[in-house]
Structures are given as structure tokens and as C-alpha cells.
Amino acid sequence: MTYQRTATLDQLAARIKAADRVVCTAHAKPDGDAAGSVVALTRALASTHQVQAWLAGPVPPPMHAIIGDTPWISIRESSDIPTQEPDLIIVLDTGARSQLYPMVEWLDARRDRVIGIDHHASGDDVAPERFIDASAASCTMLVMELIDCLGITLGQDMATPLFAGLATDTGWFRQANADARAFAAAARLLACDVDKDGLYRAIEETARPQRLSLQARALQSIQWRQDGQVAVMRLTQQDFEDTEGRRSEVTGLVNAPLVVAGGEMAALLLEESSGAIKVSMRSKPPKHAGGDFFNVSQIARELGGGGHVHAAGAEVQGGMDEVSDQLDAAIERCRP
Ligand SMILES: [Mn+2]
């Protein structure tokens, strides 16, 4: 089944105008774009509808900077779903059943009342009427266009979460998806008095010093393979004990070696409390379109895991040295 648009934004706006009780929700474990989309649309509809924001699964702490004082309902499991029936459910920034896990059966039972807005290239038939635009850098860009279709004036209260989604989904405008349309949207949102520096601080600069201690340990452990193209790092249970670092503070550390010019791939071996080793891998896109690169999805599959071509992982049973050797062998088999 193909994941394509089945409705225009004007048609979805008409569905929203005809509804009274509306639920706005997004993929579980919301990121900046998911939270920003839900919060912006909830605020846009607050004066005309009985609208609820539902955020599924654990909500990462930095998201609270985007949510602000907007009331929201936490859906950790299906029993958290309110009993009052909405007229319309708007699913944002995903159409993937696997990303809607606490709500997917509930949504399936209400298909005729579910609409979707998404910018991902793949998804499922959760929302029969949906607007998909995979060329949009963020879902919040599409929510901004929907707010226009609804005839609602964009205020700072909506522009702030919309900008947060756009900024985080483009890596703060550094990634390839930060195109002319994304910058045009950013310019319009910033003109609504968005405090971008405050948002950056509140979303991106929230670490504890322990994170840097863990990072120092990881960087200290780097071993370069494949003529300096691949960096392999390790973090052991002892490193966590010594630094008082948390598992959640490892997020993003794997990327650090990629600042090196000839470094094409980085891996982080993380000793789990279970004794297994979690292998996280990242690689750079090819220097030129169509060029060679380390396909970490393929390497992950060799290790019994999976993922995307430039971001993948696996959990492997065995000791650190043993798993490191397995990784080396997998890289050797899959090298470009
Ligand atoms: Mn997104």
C-alpha cells in the first residue's frame, strides 16, 4: 500500500471546522516536531473547539519547553485514553502504526474520524483522509499551512512551537532538508517574535556536567579502524559508575568522531546492565551524490540489528572485546 496524500489541506480544514470535540496527537515519544505540531494546532483551535492535546509514551524533558502551559493528556497505555468520544482525531508527524502503540487499536476503531498530516515518506493507513508532503522539512510547516487554511491568524503562541518543530527536524537548519521553503517558513515564524535563542537553550542546552564526563570517557576510548575512516568507542558499566552518568545522557555521543575530516563512520559500544553490548552506528552521506559510504544498516543486520543506512544499531551478546571483533569483521565485509 502506498503512503500518499488522499486529501488537500483545505479538505482537512473543512473536516476540522465541522467538528467540535477534537483530539490532536502525534507519534509516541514525541520529538520537537511532534510536540510542536500538537501544541501549535491545539493552541490554534483553543478558542473555537473543545480541543485536547494527547502525547503518547514517555515525553522527553526538553519537550516541556515547547509544551509550555498548554494542558495535555499523557497516554502511556491504552487505559489512559479518555472515555469521552471526540468528533475528530488529528494524527500529526506520523502515519506509522508502530509509532502510535498505546492508541493504535483505539484509532482503528474510529477510522472514519481520524485525519492525518505528515511529512514522512512511509506510513500506514491509520488516517484514511490524510495530507502527506514528504518534501516538507517538518510537520510543523504543514500545520502552519493548515492554520492558514483555517483562516486563523498566526500568533506568537503558535509560531513558537511551529518554529521549534522546524528547527529540531532540520538540525537547527544545518541538514539537507533545510531548503528555501524551510527558511521561508522560518522567516515568517521568526517575524511573529519567536525567541529562537531561548528555545535553543531550553531544548538543546539542558545537559548535566556528567554528560561531558561520559563523553570524555567515550572519546578517550576511540580506536580508529579502516585506515582512519571508522572510529569505535566504548562505554562500560564502570564508566557510568565513575562518572555518575545516566544511560539517557549517551544520546548523540556516537556522532562526535564524525567531525574528523576523513572519519566516515562512528560506532559506540555500550555495555548494558544485562551484560549485552548495544552497538550504535552512524555514517556520513557520500561526498558526492551516488558515491561510496558505509551502509551501517547493512552492518547492523550482520550483527542481528537494523536501522537506516546512516543510523543503525544492534544488541549483541558477548563481552566488549568479542563484540568489538564481531563489529570489525562486519565492517570489513560491508565496507564500500
Ligand atoms: Mn517530523
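A: Domain bounds here come from an automatic or database domain assignment. On that basis, the chain splits into domain 1 (9–204) and domain 2 (210–334). Their centres, taken over C-alpha atoms, are 32 Å apart. The model is predicted.

Now the site. The manganese ion has four protein donors: Asp33 (OD), Asp93 (OD), His119 (NE2) and Asp169 (OD). They lie 2.2 to 2.4 Å from the ion. Along the chain, the donors follow the spacing D-x59-D-x25-H-x49-D. Take the pair Asp93 and Asp169, which links distant parts of the chain. The two are 76 residues apart. Asp93 sits in the loop between β4 (88–92) and α4 (104–108). Asp169 belongs to helix α6 (residues 156–169).

Asp93 has a relative accessible area of 1%, so it is buried. Asp169 comes out at 17%, so it counts as buried too.

In helix α7 (residues 180–190), the buried residues are Ala182, Ala185, Ala186 and Leu189. Why do they share a side of α7? They cover an arc of only 100° around the axis, so they fall on the same side of the helix. An α-helix has 3.6 residues a turn, so residues three or four places apart point the same way. What covers the buried residues of α7 includes α5 (139–149) and α6.

Methods: Residues are numbered from 1 along each chain as its sequence is written. This is a predicted model: local features need pLDDT of at least 70, side-chain atom pairs count only at pLDDT 80 or more; totals for chains, interfaces and linings use all residues. Side-chain values use heavy atoms; hydrogens and water are left out. Donors are N, O and S atoms within 2.8 Å of the metal (3.2 Å for Na, K and Ca); water is not among the atoms, so sites may look incomplete. Helices (H or I, at least four residues) and strands (E, at least two) are DSSP runs, numbered from the N terminus. Buried means under 20% relative accessible area, exposed over 50%, partly exposed in between (1.4 Å probe, protein chains only). The arc is that of the directions from the helix axis to the C-beta atoms. Contact means heavy atoms within 4.5 Å.
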